[in-house]
Amino acid sequence: MPAKKLCSLVKNGFHKEDTKAYKEFLRDAKYMCKKCGRAAAKAKCLCKSSKI
Ligand SMILES: [Zn+2]
């Protein structure tokens with residue numbers, strides 16, 4: 001299964017459907033998406049990641 005980007009998951013309502021999994025993405029977030037403003041622990045989860 002290919003790893004989906006958090007950015008696109010959120011657009012599909014993922015953060016509302018699975019709050020627990022969404023929080024896992026955000027835990028210890030070190031990267032932020034320059035395009036969408038989302039934060040995530042892994043750079044590969046974001047479409048335009050930037051270190052924070
Ligand atoms: Zn993004």
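Helices (H or I, at least four residues) and strands (E, at least two) are DSSP runs, numbered from the N terminus. This is a predicted model: local features need pLDDT of at least 70, side-chain atom pairs count only at pLDDT 80 or more, and totals for chains, interfaces and linings use all residues. Residue numbers start from 1 along each chain as its sequence is written.

**The whole chain**

The chain has three helices and three strands. From the N terminus on, their order is α-α-α-β-β-β. The radius of gyration, 10 Å, is close to the 10 Å from the globule rule for 52 residues, so the chain is as compact as a globular protein of that length. That radius is taken over C-alpha atoms, and the rule is 2.2 Å times the number of residues to the power 0.38.

| Property of the chain | Value |
|---|---|
| Span of the C-alpha trace along its principal axes | about 25 × 20 × 20 Å |
| Buried share of the 52 residues | 15% |
| Share of contacts with a separation of 6 or more that join residues 24 or more positions apart | 25% |

A residue is buried if 20 or more other C-beta atoms lie within 10 Å of its own, exposed if 12 or fewer, and partly exposed in between, with C-beta atoms placed from the backbone. A contact means that the C-beta atoms of two residues, placed from the backbone, lie within 7 Å.

Lys11 sits in helix α1 (residues 6-11). Lys11 counts as exposed because it has 12 C-beta neighbours inside 10 Å.

Helix α3 covers residues 19-26; zero of its eight residues are buried, so it lies largely in the open. Just after α3, Asp28 has a positive phi of about 55 degrees.
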